[in-house]
Amino acid sequence: MPRKKEVVSGNFVKYDAVVLGSGPAGEGAAMKLAKAGKRVAIVDIREQLGGNCTHVGTIPSKALRQTVSSIIRYQRDPMFQKVGEWKQFTMKQVLRNAHKVIQQQVDTHTRFYDRNKIGVFHGRAYIQDKNTVLVFSHEGIKETIICKQIVIATGSRPYHPQGLDFDHPRVFDSDKILDLDYSIQKIIIYGAGVIGCEYASIFIGLDHKVDLINTQQKLLSYLDDEIADALSYHLREQGVLIRHNEQMDHLETFDDHVVLHLQSGKKIKADAILWCNGRSGNTEGLGLENVGLVPNNRGQLSVNDQYQTEVENIYAAGDVIGWPSLASAAYDQGRCAGANMSGEDAKPVRDIPTGIYTIPEISSIGKNEQELTEEKIPYEVGQASFRHLARAQITGDTVGELKILFHRDTMEILGIHCFGNNAAEIIHIGQAVMHSPNNTLKYFVETTFNYPTMAEAYRVAALNGMNRLF
């Protein structure tokens, strides 16, 4: 059961620390603080715990992706050429299984808070001063929490530019799209970042026509060039029309379609538009002005290496501080913040694996070829194409590759980049080796891998790389 609230006077309750937001960052901070013996409360605006990650972000979108991946796999298998009238499914129907997963996640995380005796408050948080947080419930009842420390982990939401009517039934952001309740044939996705690329692969997997509008010169430019090019090629091969270096001029909305006007003069008609161009930190209405904190123009807060804001006893973690905006990183940031608040000397999260859940996935860790070239590090490349792996041939998931970058002289692994099915799982094998005392390419040559497995790609890539040295 949650720890009993310590009543100070009237409706006042007292805690050592209050965490605003119950997503991965908030949970990481709350659990770390509770394990350190602190009296902890968490405040979440929803009636159920889990934050945006569980309710409108990672969990539902990845559950949706899994369903679409299954449809694609069945369609590819000659024994299952027909899977009913799946093309007529609405998003709500495809997401039916996701709601079960969401509730399971809520139940699991609720048990975590109960087990660690963390006080849970549902409602809107408002920071009155650096030691006082007000909670406004949906019924309008106010509760006052007195605390020594505060963690802001309120997450982010899709950025809404002026001039777009997101109340229109054919204008969506990445939260609202999960409630799409009518069939479509063509969709415009504006913004080709991680979320835009993920949804492009989902909608093309459902056999919709997709126009992906990229405001940059190439897709996901921070990735290794070869991996980014592979994604671009694969999306185009599936039928996605990618338009680079484009900017919106204005959008026309109608009862049964939308027309996007680009600054280049192009006009694109579709059944709906999905806006995926940026996110904003959830700091509006928190009362930050009362403690002298000023978020940037995207609602994000600045922190130091301890995840401490400019106010000594107030910390922040997760999407509300910006990059890298990953659930995995947010949890670690929250734990690091909680550790520093408890007097530990915790180091900030640095070497974070990238997980992009396109179909197929992308994941990477360490340096890419561009970075190593600029730093003039003598590196070599080892590659394994999935189409040559027995396991990939059996499953039919032959699109993709594993790429290992290593130092020519020391054989130290410098970076790993993977594009293909289960890339986000495969990357962790390389991550473990990179962080071990035995960080050398020879590990993969001298280690026996089960056969057939996708993990075998490491041995194939390592041998390929070593052959380049002679």
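This is a predicted model: local features need pLDDT of at least 70, side-chain atom pairs count only at pLDDT 80 or more; totals for chains, interfaces and linings use all residues.
## Second largest cavity

Helices α3 (58–76) and α6 (194–205) each contribute at least two residues to the lining of the second largest cavity. By residue class, the lining comprises 3 nonpolar, 1 polar and 3 charged residues.

The space inside the second largest cavity amounts to about 30 Å³. In total, 2 cavities of 30 Å³ or more were counted.

## Aromatic pairs and charges over rings

A pair of aromatic rings is described by the distance of the centres and the angle of the planes. The count of aromatic pairs in this model is 7. One of them joins F172 and Y182: the ring centres are 6.4 Å apart and the planes meet at 50 degrees, so the pair is classed as tilted. Because F172 belongs to strand β9 (residues 171–173) while Y182 lies in the loop between β9 and β10 (186–190), the pair ties together parts that are 10 residues apart in sequence. F172 itself is buried, its relative accessible area being 3%. The face of F172 also has K176 lying over it, at 5.1 Å from the ring centre.

Elsewhere, ring pairs connect Y443, F444, F449 and Y458 into a cluster. A further contact between a charge and a ring involves R298, whose charged end sits over the ring of Y159 at 3.9 Å from the centre.

## Cysteines

A disulfide is a covalent bond between the sulfur atoms of two cysteines. The number of disulfides found in the model is 0. C197 takes part in no disulfide, and the nearest cysteine sulfur, which belongs to C276, is 9.4 Å away. With a relative accessibility of 0%, C197 counts as buried.

Which cysteine sulfur is closest to that of C418? The closest is the sulfur of C197, and because the separation is 17 Å, against a cut-off of 2.5 Å for a disulfide, the two are too far apart for a bond. C418 is likewise buried, and its relative accessible area is 0%.

## Cis peptide bonds

The peptide bond from W323 to P324 is in the cis form, with omega near 0 degrees. P324 is located in the loop that runs between β18 (314–316) and α8 (327–341).

A cis peptide bond also joins I359 and P360, where omega is about 0 degrees. The position of P360 is in the loop between β19 (354–356) and β20 (361–366).

L220 is not a glycine, yet its phi is positive, at about 40 degrees. This residue is placed in the loop between β11 (209–213) and α7 (225–238). Is L220 buried or exposed? L220 is buried, because its relative accessible area of 5% is under the 20% limit.

K376 is likewise not a glycine and has a positive phi of about 55 degrees. The loop between α9 (369–374) and β21 (379–385) holds K376. At a relative accessibility of 74%, K376 counts as exposed, because the value is over 50%.

Definitions and conventions:
Residues are numbered from 1 along each chain as its sequence is written. Side-chain values use heavy atoms; hydrogens and water are left out. Rings of Phe, Tyr and Trp (its six-membered ring) pair if their centres lie within 6.5 Å; planes under 30 degrees apart count as stacked, over 60 as edge-to-face and the rest as tilted. Helices (H or I, at least four residues) and strands (E, at least two) are DSSP runs, numbered from the N terminus. Buried means under 20% relative accessible area, exposed over 50%, partly exposed in between (1.4 Å probe, protein chains only). A charge sits over a ring if NZ of Lys or CZ of Arg is within 6 Å of the ring centre and within 35 degrees of the ring normal. On a 1 Å grid over the protein atoms alone, a cavity is a set of points where a 1.4 Å probe fits but cannot get out, and a pocket is an open set with protein on both sides within 12 Å along at least five of seven lines; lining residues have an atom within 4 Å of a point. Grid points are joined across faces, edges and corners, and a volume is the space filled by probe spheres set on the points. Ala, Val, Leu, Ile, Met, Phe, Trp, Tyr, Cys and Pro count as nonpolar, Asp, Glu, Lys and Arg as charged, and the others, Gly among them, as polar.
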